[in-house]
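This report looks at a single protein chain, moving from particular side-chain contacts to the overall form. Please keep the structure in view while reading.

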Amino acid sequence: MLSRLLKEHQAKQNERKELQEKRRREAIAAATCLTEALVDHLNVGVAQAYMNQRKLDHEVKTLQVQAAQFAKQTGQWIGMVESFNQALKEIGDVENWARSIELDMRTIATALEYVYKGQLQSAPS
């Protein structure tokens with residue numbers, strides 16, 4: 001009877017060990033699945049971040065090219081405006097010169113007229 005109880009006890013113990021080993025394998029398999037799912041989820045996020053970074057890099061390069069073109073065009077505009085301003089100044093200088101010449105010519109004409117009238121009056125009649 002004792003040996004039968006001992007055999008039953010050992011059988012139950014073996015059964016528990018097998019059940020415990022089965023549960024351990026299931027836990028390992030579940031942990032492996034969970035780990036793979038987490039890694040896959042992270043990889044999707046990393047891949048998306050990588051794609052976003054590539055798009056941003058492309059946009060930055062495009063923006064740099066456009067900014068350089070705009071700076072060049074702005075420089076050309078500034079040059080044109082400066083040339084226009086210089087032309088306006090020159091026109092203003094010519095106008096002042098013409099006014100000065102006109103005033104001098106009027107002064108000379110008035111002086112000549114005065115001299116001519118003076119000669120007419122002093123001439124014998």
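In this predicted model, Arg 24 and Glu 21 both belong to helix α1, where they stand 3 residues apart, about one turn of the helix. The two form a salt bridge whose closest N and O atoms are 2.5 Å apart. Glu 21 also meets the side chain of Arg 25 in a salt bridge, and this pair, again within helix α1, is 4 residues apart, about one turn of the helix. Further along, Glu 102 forms a salt bridge with Arg 106, and these residues are separated by about one helical turn because they lie 4 residues apart in helix α1. Through shared partners, salt bridges join Glu 21, Arg 24 and Arg 25 into one network. The count of salt bridges comes to 6, including the three listed here.

| Salt bridge | N to O distance |
|---|---|
| Glu 21 and Arg 24 | 2.5 Å |
| Glu 21 and Arg 25 | 3.7 Å |
| Glu 102 and Arg 106 | 2.6 Å |

With a relative accessible area of 29%, Glu 21 is partly exposed, as is Arg 24 at 43%, whereas Arg 106 is exposed at 53%.

As for the whole chain, it contains 1 helix and 0 strands, and buried residues make up 0% of its 125 residues. The radius of gyration is 53 Å, while a compact globule of 125 residues would have one near 14 Å, and the C-alpha atoms fill a box of roughly 185 × 20 × 10 Å along the principal axes.

Methods: Residues numbered from 1 in each chain as written. Predicted model: local features only at pLDDT ≥ 70, side-chain atom pairs only at ≥ 80, totals over all residues. Heavy atoms only, no water. Helix = DSSP H or I, 4+ residues; strand = E, 2+ residues; numbered from the N terminus. Rg over C-alpha atoms; globule rule 2.2 N^0.38 Å. Buried < 20%, exposed > 50% of the residue type's maximum accessible area, 1.4 Å probe, protein only. Salt bridge = Lys/Arg side-chain N within 4 Å of Asp/Glu carboxyl O.
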